[in-house]
Number of protein chains: 2
Amino acid sequence: MWGIIATWRMAHEGILAAKELLVKERSAGDAVETAIKCVEDYPYYKSVGYGGLPNEEGVLEMDAAFMDGDTFAIGAVAGIVDIKNPISVARKLSKEKFNSFRVGAGATRYAQAEGFEQKEMLTERAKKIWEKRVEEVAKHQLDPYDGHDTVGVVALDELSSMAAGTSSSGLFMKKSGRVGDSPLSGSGFYVDSEIGGAAATGLGEDLMKGCLSYEIVRLMGSGYSPQDACDQAVYGFSEKLKKRYGKAGAFSLIAMNKEGQWGVATNVEFTFSVATKETEPTIFIAHPGENQTTVIEPITQEWLDAYEKRIKAPI
Amino acid sequence: MWGIIATWRMAHEGILAAKELLVKERSAGDAVETAIKCVEDYPYYKSVGYGGLPNEEGVLEMDAAFMDGDTFAIGAVAGIVDIKNPISVARKLSKEKFNSFRVGAGATRYAQAEGFEQKEMLTERAKKIWEKRVEEVAKHQLDPYDGHDTVGVVALDELSSMAAGTSSSGLFMKKSGRVGDSPLSGSGFYVDSEIGGAAATGLGEDLMKGCLSYEIVRLMGSGYSPQDACDQAVYGFSEKLKKRYGKAGAFSLIAMNKEGQWGVATNVEFTFSVATKETEPTIFIAHPGENQTTVIEPITQEWLDAYEKRIKAPI
């Protein structure tokens, strides 16, 4: 069996590319890296890699992580700047016994020294969006944009190995050095090849309050299906957070187990892409349903057309 | 009931200071911050705050986190430089809905802008130790020092609120921008006032593979005593890591539940300090025992004398 699942419609082309590897018995790690690189490279996705929106100061700082489900090896970067593929840096770091999570200037210098491709990652389009936003904020005293579009991927290969990865430019207009859940083990991602894996997208500040990726994997390990594990962890914690913190930010989780079964749960409208040996690559849309369940439907052409128009609209 | 537990003998003076607050019905948050500030301020502790040992480049980069067990609010910093009390910065950040985890230059600039006390944190003594080490490494091709002395604290106050915090200068001779588990929710710390809290010290790269602080709190929430929760999580994961990753770094966890009962587990020799309404502040020493248990004994005067001599020995 093989399978791969990823957050957001933006991951779909990456899923198509990763599928080509998985059918050829390439590793789950290669599939995760390939899928995420596609998203990082595409200029119209505003929350990951090239074309991502910058922080308050106009600097595009990126976070990424990679986890090997066979060994639990983790590599991660946060606040890395002008490196074409943060996910590849994270994957390389996962092979290190020490110093495998690197932040800020140290992360960027590591990537440069290791020969990772450097690239001016702030596009003209992203800069324009930022300039417009700076003006609006000056006028209206706004909150930062509650963007929550991390790409998170979980993959299973024919040899029963699993891997997970994330990549994000974080909140638009974030403060310099702000880090969300994406590079944090247990919050942004977690994977155990003997059980399954999970990854998150959403308000990182709230996701790290719940360690939901770890919790979903744990629930799958105690016998829950991926869908039941996602429902229980996400809706349970969302309720708890409202009661205890007063409010729960948007968050959405994906999961796949070692049999290639998958699930998602979300407290907002959420799209995702999935492919397995038994199912053609498909984009779905999910909403929170009644009684802590999730409503999942195939995406409509109408939705896709509107999305395409939206991401390429003139600034 | 009130109680407080902290990693390592170095935390003991901080526990004494925090106890004075807890008996006066001050908050668990105040107790955690006070205890950790004592450790950050003491020049002879080489792995936390002032006097901490620097990274490979001779720069002292510090990590810290604070979590409020009532609301799950978290604040954290990583790679912060020349700020007297990173724990106080983390606590302040925990009050922010967005941008509450800050790394690198962004973390330092935030602390400066908010008026936190700035201080040259690298002592002459730490610099000497670093210079000596640089020479040795050049001669012998050594691994980085496997130091694992984060201060982690969990406290319970008379109003049944709980808090947790950590502070660390990380691995001696770490690479620039390296971050361990200390500022990472679920790995370095976790606390839920309706259950209990836990904190970790050890090889951060391995601790984040297991999310052990979260797991210990979860086990306490499902009915385990703090000691049984620590034993199960720590020894279970240590075995799993040896099997799957080939090796498990040193790690030690502390926990306290909402009744003020406590527990610890460790795969190395480990000292800690604890005080509750019913028990005078005491330093204990722990070792891994047989069949996934922990042997805990009061510290001897001989051990304390040798420790005092060691930390103040001429370089």
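Modeller: The contact takes 40 residues from chain A and 40 residues from chain B. Two residues count as in contact if their C-beta atoms, placed from the backbone, lie within 7 Å. On chain A, strand 3 (74-81), strand 4 (101-103), helix 4 (104-113) and helix 8 (226-245) each supply at least two residues of the side that touches chain B. Helices (H or I, at least four residues) and strands (E, at least two) are DSSP runs, numbered from the N terminus. Helix 4 of chain A gives the most to that side, with 6 residues. The side of chain A that touches chain B divides into 19 nonpolar, 11 polar and 10 charged residues. Here Ala, Val, Leu, Ile, Met, Phe, Trp, Tyr, Cys and Pro are nonpolar, Asp, Glu, Lys and Arg are charged, and the others, Gly among them, are polar.

This is a predicted model: local features need pLDDT of at least 70, side-chain atom pairs count only at pLDDT 80 or more, and totals for chains, interfaces and linings use all residues. Residues are numbered from 1 along each chain as its sequence is written, with chains lettered from A and ligands numbered from 1 in the order in which they are written. Chain A has a mean pLDDT (the predictor's confidence in each residue, from 0 to 100) of 96, and 98% of its residues reach 70 or more. The model scores ipTM 0.97 and pTM 0.98.

Now the helix packing. Helix 2 (residues 28-41) and helix 3 (residues 86-93) of chain A pack at about 155°, axes 8 Å apart. Axes are lines fitted to C-alpha atoms, for helices over the stretch in contact, and angles run from 0 to 180 degrees between N-to-C directions.
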